Amino acid sequence: MNRFAEVRDLIMSLEGDFDKFYDKGNQAAGTRVRGGMQQLKTLAQEIRTQVQDIKNSTEA
């Protein structure tokens, strides 16, 4: 569940930048959102790999 907390924390940390970009048109906030979403993508892939490895090791 620690990995879930990382995902949640990352998303929550981007909330202000989402607001600034979409509601106020702040371009720098958009750059931060894009960076955060890339981090989220990387984290999600790591979690997918970890889950698959655990799943495969218990099915033997």
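The following questions and answers concern a predicted model of one protein chain.

Q: What percentage of the residues of the chain count as buried?
A: A residue is buried when its relative accessible area is under 20%. The chain has 60 residues, and the share that counts as buried is 20%.

Q: How far apart are the mean positions of the positive and negative charges of the chain?
A: The chain carries 9 positive and 9 negative charges. The mean position of the positive charges and that of the negative charges are apart by 4 Å.

Q: How many aromatic pairs does the count come to?
A: Rings pair if their centres lie within 6.5 Å. Phe-18 and Tyr-22 have ring centres 6.0 Å apart, and for Phe-21 and Tyr-22 the distance is 5.1 Å. The count comes to two aromatic pairs.

Q: Why is the pair of Phe-18 and Tyr-22 classed as it is?
A: Phe-18 and Tyr-22 are four residues apart in helix α2 (residues 15–24), which means that about one helical turn separates them. Planes under 30 degrees apart count as stacked. The planes of these two rings stand at 15°, so the pair is stacked.

Q: Is Phe-18 buried, partly exposed or exposed, and what of Tyr-22?
A: Over 50% relative accessible area a residue is exposed, and under 20% it is buried. Phe-18 has 30% and is therefore partly exposed. Tyr-22 has 60%, so Tyr-22 counts as exposed.

Q: Which class does the pair of Phe-21 and Tyr-22 belong to?
A: Phe-21 is partly exposed, at 27% relative accessibility. Planes over 60 degrees apart count as edge-to-face. The ring planes of Phe-21 and Tyr-22 are at 75°, so the pair is edge-to-face.

Q: Which residues form one aromatic cluster?
A: Tyr-22 pairs with Phe-18, and Tyr-22 pairs with Phe-21 as well. One aromatic cluster is therefore formed by Phe-18, Phe-21 and Tyr-22.

Technical notes:
Residues are numbered from 1 along each chain as its sequence is written. This is a predicted model: local features need pLDDT of at least 70, side-chain atom pairs count only at pLDDT 80 or more; totals for chains, interfaces and linings use all residues. Side-chain values use heavy atoms; hydrogens and water are left out. Buried means under 20% relative accessible area, exposed over 50%, partly exposed in between (1.4 Å probe, protein chains only). Lys and Arg count as positive and Asp and Glu as negative; His and the chain ends are not counted. The place of a charge is taken as NZ of Lys, CZ of Arg, CG of Asp or CD of Glu. Helices (H or I, at least four residues) and strands (E, at least two) are DSSP runs, numbered from the N terminus.
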